[in-house]
Amino acid sequence: MALVVANVALSGFAPVAPPAAQAVARSSAISMSVELMEGLGPETANKVFDPLNLSTMGSEKTLSWFRHAELKHGRVAMAAMVGLLVHINGIHFGGYLSPTYGVTFESLSKMGPFDAWNSVPLLGQLQILWTIAGLEHASECLDPAGHYTKGGTPGNLKFLKNFWDTPGFTKKLTAEQLAEKRVSELKNGRLAMIGIASVCASMAVPGSVPLLKDAPALTGAALALPFGSF
């Protein structure tokens with residue numbers, strides 16, 4: 001609290017740039033070119049893979065939004081793939097998920113991935129969805145000045161840093177190492193999106209993914225809505 005008060009007090013005596021200079025600073029902060037974006041590599045022959053020219057659909061803000069969405073979906077897909085692998089290998093907590101409804105973690109582990117979700121009591125589903133909604137809201141609203149469409153870094157979730165990196169591993173990395181980790185995250189996320197999409201396609205349309213044809217672990221409902229399957 002003392003640091004906050006001190007910063008506020010000092011800001012009152014800090015020199016203020018003229019409006020014109022502030023406008024230039026803001027306009028120069030939002031600078032993103034598809035040719036300079038991270039993620040190019042041997043997978044795309046070190047070229048931009050954009051056969052549909054999606055990068056030309058809007059402004060630099062639109063491109064920042066695309067990159068933020070790619071990172072976000074990649075992270076969700078990586079979590080989904082890890083969860084799927086844990087689930088189909090029968091790894092689970094002991095005891096009850098819901099003593100009230102008699103739902104055990106063991107019983108869920110014996111179901112198909114989406115059947116397990118459908119067997120979670122409604123209150124549990126709401127808790128998960130509410131947490132996701134809260135994270136989404138926080139990522140868009142808690143740092144308006146550093147928003148990715150206003151010069152901020154796409155995918156940067158500062159408010160979660162102390163949560164997902166409690167040991168502080170990233171604090172010990174150099175700028176070059178951090179850049180390398182970001183590219184790795186981006187590429188792993190792309191692979192995870194292909195992977196989880198392949199799993200869903202294989203379950204929905206048997207034989208559509210030859211490598212997953214007749215996979216014994218991929219059973220049950222092929223897709224699931226928030227509160228049911230189809």
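Biologist: Before we look at this model, what does contact mean here?

Modeller: Contact means heavy atoms within 4.5 Å. Keep in mind that this is a predicted model. With that cut-off, the buried residues of α6 pack against α5 (113–119).

Biologist: Thanks! Which residues of α6 are buried?

Modeller: Gln125, Ala138 and Ser139 are the buried ones in α6.

Biologist: And how do you know that they lie on the same side of α6?

Modeller: They cover an arc of only 165 degrees around the axis, which puts them on the same side of α6. Leu123, Trp130 and His137 are exposed on the other side of α6.

Biologist: What span is expected for helix α6, and what span does the helix reach?

Modeller: Helix α6 runs over residues 122–141, 20 residues in total. At 1.5 Å a residue, 28 Å is expected, and the distance from the first C-alpha to the last is 28 Å, close to that value.

Biologist: Good. Now, why is Cys141 called partly exposed?

Modeller: Buried needs under 20% relative accessible area and exposed needs over 50%. Cys141 has 41% relative accessibility, so Cys141 falls in between and counts as partly exposed.

Biologist: What makes Cys200 partly exposed rather than buried?

Modeller: The relative accessibility of Cys200 is 21%. Buried is under 20%, so Cys200 counts as partly exposed.

Biologist: While we are on cysteines, how many disulfides are there?

Modeller: A disulfide calls for a pair of cysteine sulfur atoms within 2.5 Å. By this rule the count is 0 disulfides.

Biologist: Let's turn to His68. Why is this residue called buried?

Modeller: His68 has a relative accessible area of 4%. The cut-off for buried is under 20%, so His68 is buried. This residue is found in helix α3 (residues 60–88).

Biologist: Which residues is His68 in contact with, leaving aside its neighbours within four places in sequence?

Modeller: With those neighbours set aside, His68 is in contact with Glu140, Tyr148, Pro154 and Gly155.

Biologist: Happy to move on to cavities. How many of 30 Å³ or more does the structure hold?

Modeller: The structure holds 1 cavity of 30 Å³ or more, and about 30 Å³ of space lies in the largest cavity.

Biologist: Which elements give two or more residues to the lining of the largest cavity?

Modeller: Those elements are α3 and α8 (175–204). The lining residues include Glu70, Leu71, Glu185 and Leu186.

Biologist: And which element gives the most to that lining?

Modeller: That is α3, which gives 5 residues to the lining of the largest cavity.

Note on methods. Residues numbered from 1 in each chain as written. Predicted model: local features only at pLDDT ≥ 70, side-chain atom pairs only at ≥ 80, totals over all residues. Heavy atoms only, no water. Buried < 20%, exposed > 50% of the residue type's maximum accessible area, 1.4 Å probe, protein only. Helix = DSSP H or I, 4+ residues; strand = E, 2+ residues; numbered from the N terminus. Expected span 1.5 Å × (residues − 1). Arc of directions from axis to C-beta. 1 Å grid on protein atoms, 1.4 Å probe; cavity = no way out; pocket = protein on both sides within 12 Å on 5 of 7 lines; lining within 4 Å. Points joined across faces, edges and corners; volume = space filled by probe spheres on them.
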